[in-house]
Amino acid sequence: MKAVLFEKFQEPPKLVTVADPTPAPNGVVLKVAATGVCRSDWHGWMGHDSDIDLPHVPGHELAGVVAAVGKDVANWKVGDKVTVPFICGCGSCSECHAGQQQVCLHQEQPGFTHWGSFAEYVGIHQADLNLVSLPESMDFATAASLGCRFATAFRAVIDQGKVSAGQWVAVHGCGGVGLSAVMIAAAVGANVIGIDLDPAKLDLARDLGAEAIVNGGEADVAGAIREITRGGAHVSLDALGHPVTMTNSILCLRPRGKHIQVGLMLGEHASPAIPMPKIVGQEIELLGSHGMQAHRYGAMLDMVASGKLDPARLVGDQISLADAPAALMNMDNFRSVGATVITSF
């Protein structure tokens, strides 16, 4: 099969031909129809993820069709149209037994713990636990964005933030996951503020339901949000993963507000300074949010089917597998609006 592979961190990946995967007894092989290019893939290529062994094929937000099935798989057959969370549970640890596969103690992640979906085919383990059936009406480019950005935002807003109608929600960083969070929070009736440096992304945030926007280049982002909300946001998400956006997210909250850390903070940003006086004095909650379990996709897909959510609006450039190395290396430039998706193999 054709695949994008890198042999050293921070060196240009190459389009190569490698052996096709075979399914594990409890797994499947998917023919990849679409796969997103995500900032998490960039972190992996930079060498920020200790799970990656070289040489490596990245890619973790994908959709496709079942091409081969392991002997122990009961619920899936060749030809099924599916997606998969980027965190795949093992099915046997205490967290999986509690239904919390997104923090599985022995989790596997395509594109990190094993070769991923920047390829014509990808292997997925524990298929009966981790695969998600897709509606025939959903195109593959849209479906690919669900596995990381959109599902991650859904869990952050709905399950972790417990956002409700009338609350003020600030979203710091209007990339793929941030714009998803804007749309989802607006869909449940929240008053959303989008924060970014890029006017095009701020315009899209407003189109997706943001009540207000703030340019992140302002001298006092947190103060601007507190003024708009007349006291501070109830819930605030750092959807980028940077010490500046994290700090702004915490400082813009009203007393007893919730900060949700969604964007990864790795490498030189792995140990940021936290404004602890605000957290203690105003009883601020700090919550992480990392992916979403396969069994929670039903609620999200029901909202898509009803028209309350439209993830297709978040798909940006559609590129070929041959274009993926350049797209991956340029992820840190934040130039794309919406999710860049590989749809041609």
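## Briefing: a cavity, a sheet and its helices

Ser-145, Arg-149, Phe-150, Gly-176, Ser-180, Leu-314 and Ala-339 line the largest cavity. This is a predicted model, where local features need pLDDT of at least 70, side-chain atom pairs count only at pLDDT 80 or more, and totals for chains, interfaces and linings use all residues. Residues are numbered from 1 along each chain as its sequence is written, and side-chain values use heavy atoms, with hydrogens and water left out.

**The cavity**

- A cavity is a set of points, on a 1 Å grid over the protein atoms alone, where a 1.4 Å probe fits but cannot get out; lining residues have an atom within 4 Å of a point.
- Searching the whole structure turns up one cavity of 30 Å³ or more.
- The largest cavity holds about 40 Å³ of space. Such a volume is the space filled by probe spheres set on the grid points, which are joined across faces, edges and corners.
- Helices α5 (146-160) and α6 (176-187) each give at least two residues to the lining. Helices (H or I, at least four residues) and strands (E, at least two) are DSSP runs, numbered from the N terminus.
- Three lining residues are nonpolar, three are polar and one is charged. Here Ala, Val, Leu, Ile, Met, Phe, Trp, Tyr, Cys and Pro count as nonpolar, Asp, Glu, Lys and Arg as charged, and the others, Gly among them, as polar.

**The sheet**

- Strands of a sheet pair through backbone hydrogen bonds, either parallel or antiparallel.
- Six strands form an open sheet in the order β10-β9-β8-β11-β12-β13, with parallel pairing. Two strands pair if DSSP finds at least two bridges between them.
- β10 (212-215) and β13 (285-288) are the edge strands, each with a single partner, so one side of each has no neighbour in the sheet.
- On average, neighbouring strands are turned by 20° against each other, direction ignored. Axes are lines fitted to C-alpha atoms, for helices over the stretch in contact, and angles run from 0 to 180 degrees between N-to-C directions.
- β9 (residues 191-196) runs parallel to β10, joined by four bridges. Asp-196 stands opposite Asn-215 in β10.
- α6 packs on the sheet and touches β8 (168-172), β9 and β11 (233-238). Its direction makes about 170° with that of β8. Contact means heavy atoms within 4.5 Å.
- Helix α7 (residues 199-207) also packs on the sheet, touching β9 and β10. The direction of α7 makes about 165° with that of β10.

**Helices α8 and α9**

- Buried means under 20% relative accessible area, exposed over 50%, partly exposed in between (1.4 Å probe, protein chains only).
- In α8 (221-229), the buried residues are Val-221, Ala-222, Gly-223, Ala-224, Ile-225 and Thr-229. They pack against β8, β9, β10, β11, α9 and β12.
- Arg-230 follows α8 and has a positive phi, near 55°.
- In α9, Thr-245, Met-246, Asn-248, Ser-249 and Ile-250 are buried. Their cover includes β8, α8, β11, β12 (253-261), α10 (276-281) and β13.
- Asn-248 lies in α9 (residues 243-251). Asn-248 counts as buried at 17% relative accessibility.
- Leaving out residues up to four places away in sequence, Asn-248 touches His-172, Val-221 and Ala-222.

**Phe-6**

- Phe-6 sits in the loop between β1 (2-5) and β2 (14-17). Phe-6 is buried, with a relative accessible area of 1%.
- Not counting residues up to four places away in sequence, Phe-6 touches Glu-11, Pro-13, Gly-44, Trp-45, Leu-54, Pro-55, His-56 and Pro-58.
- Phe-6 and Ala-327 are 321 residues apart along the chain, and their C-alpha atoms are separated by 14 Å.

How values were computed: On a 1 Å grid over the protein atoms alone, a cavity is a set of points where a 1.4 Å probe fits but cannot get out, and a pocket is an open set with protein on both sides within 12 Å along at least five of seven lines; lining residues have an atom within 4 Å of a point.
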